[in-house]
Amino acid sequence: MLIEKLNWRYATKKMDPSKTVAEDKVERIVEAARLAPTSSGLQPFEVIVVTDPEVRAKIREIAWNQAQVTEGSHLLVFAAWDNYTEERINHMFDLVNEERGIKNEGWEAYRKMLLSSYPQRDAAVNFEHAARQAYIGFGMAVAQAAFEGVDSTPMEGFDPAKLDEILGLREKGLRSVTILPLGYREPEGDWLVNLKKVRRPLEEFVSRV
Ligand SMILES: Cc1cc2nc3c(=O)[nH]c(=O)nc-3n(C[C@H](O)[C@H](O)[C@H](O)COP(=O)(O)O)c2cc1C
């Protein structure tokens with residue numbers, strides 16, 4: 001059950017550098033992010049899988065020296081579009097038409113509506129919107145990692161501008177949003193592993209109308 005896996009997972013603080021996550025597991029974790037729902041189906045983000053130890057060492061330096069960045073075997077970087085352009089919107093709508101083999105009036109009207117609003121907005125507003133979509137994929141990846149029995153640490157604790165530089169993201173029209181080291185916990189060195197998972201009680205969290 002998903003709930004059991006979500007109780008099992010925790011923001012792992014110490015990973016065992018001798019253990020490597022199998023590629024098929026990594027692929028399914030990325031696939032979960034790819035399958036995430038996004039606003040208008042635009043999927044305005046990409047995932048970069050970083051395994052190169054040198055690159056990960058550089059990233060660790062700009063990520064508060066968090067050890068999981070190099071002690072995990074893979075580092076997923078979630079990077080959102082820096083802006084919504086006509087080209088990007090058309091690409092996605094064309095892909096849908098191509099894959100489905102149909103052209104739909106309602107869909108084309110919807111395309112026009114987006115084309116007449118998104119590209120004219122401030123790039124910063126568009127990036128923030130795209131970043132929110134990246135977070136949905138990020139959450140899916142966290143859940144799928146747990147499902148695979150793979151430990152992960154969701155992270156915002158890094159300097160996005162510096163990470164963009166290390167990975168050359170701005171040139172590709174991308175900006176980093178979150179990172180997710182994948183690996184296996186090293187319980188001996190992890191202060192968090194045996195501590196109770198704490199969440200606000202349900203009655204403080206949910207209300208019913
Ligand atoms: C968007 C986001 C950013 C986070 N950034 C970091 C981080 O940089 N370093 C870290 O150790 N944990 C980070 N965390 C982990 C949270 O502190 C953790 O998920 C929260 O305390 C709940 O604990 P749990 O995940 O162990 O259940 C982040 C979590 C999220 C969702």
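Which elements each supply at least two residues of the lining of the largest pocket? In this predicted model, they are helix H2 (23-34), strand E1 (45-50) and helix H5 (86-100); helices here are DSSP runs of H or I with at least four residues, strands are E runs of at least two, and both are numbered from the N terminus. The model being a prediction, local features need pLDDT of at least 70 and side-chain atom pairs pLDDT 80 or more, while totals for chains, interfaces and linings use all residues. Residues are numbered from 1 along each chain as its sequence is written, and side-chain values use heavy atoms, with hydrogens and water left out.

The biggest contributor to that lining is H5, with nine residues. A pocket is an open set of points on a 1 Å grid over the protein atoms alone, where a 1.4 Å probe fits and protein lies on both sides within 12 Å along at least five of seven lines; lining residues have an atom within 4 Å of a point. The largest pocket holds about 650 Å³ of space, a volume being the space filled by probe spheres set on points joined across faces, edges and corners. Its lining runs to 25 residues, and Arg34, Leu42, Gln43, Met92 and Leu95 sit closest to the centre. Sorted by class, that lining comes out as 14 nonpolar, five polar and six charged (Ala, Val, Leu, Ile, Met, Phe, Trp, Tyr, Cys and Pro are nonpolar, Asp, Glu, Lys and Arg charged, and the others, Gly among them, polar).

Next comes the second largest pocket, at about 290 Å³. Helix H1 (2-8) and helix H9 (202-205) are the elements giving two or more residues to its lining, with H1 giving the most, three. The residues lining the second largest pocket include Arg9, Lys197 and Arg199, and by class the lining has five nonpolar, one polar and four charged residues.

As for polar contacts (pairs of N or O atoms within 3.5 Å), a polar side-chain atom of Arg9 lies 2.7 Å from a ligand oxygen. Polar backbone atoms take part too: that of Pro154 is 3.0 Å from a ligand nitrogen, and that of Glu156 is 2.9 Å from a ligand nitrogen. Taken alone, the ligand exposes 620 Å², of which the protein buries 66% (Shrake-Rupley areas, 1.4 Å probe).

Notes:
Polar contact = N/O pair within 3.5 Å; in protein donor to acceptor, adjacent residues only side chain to side chain.
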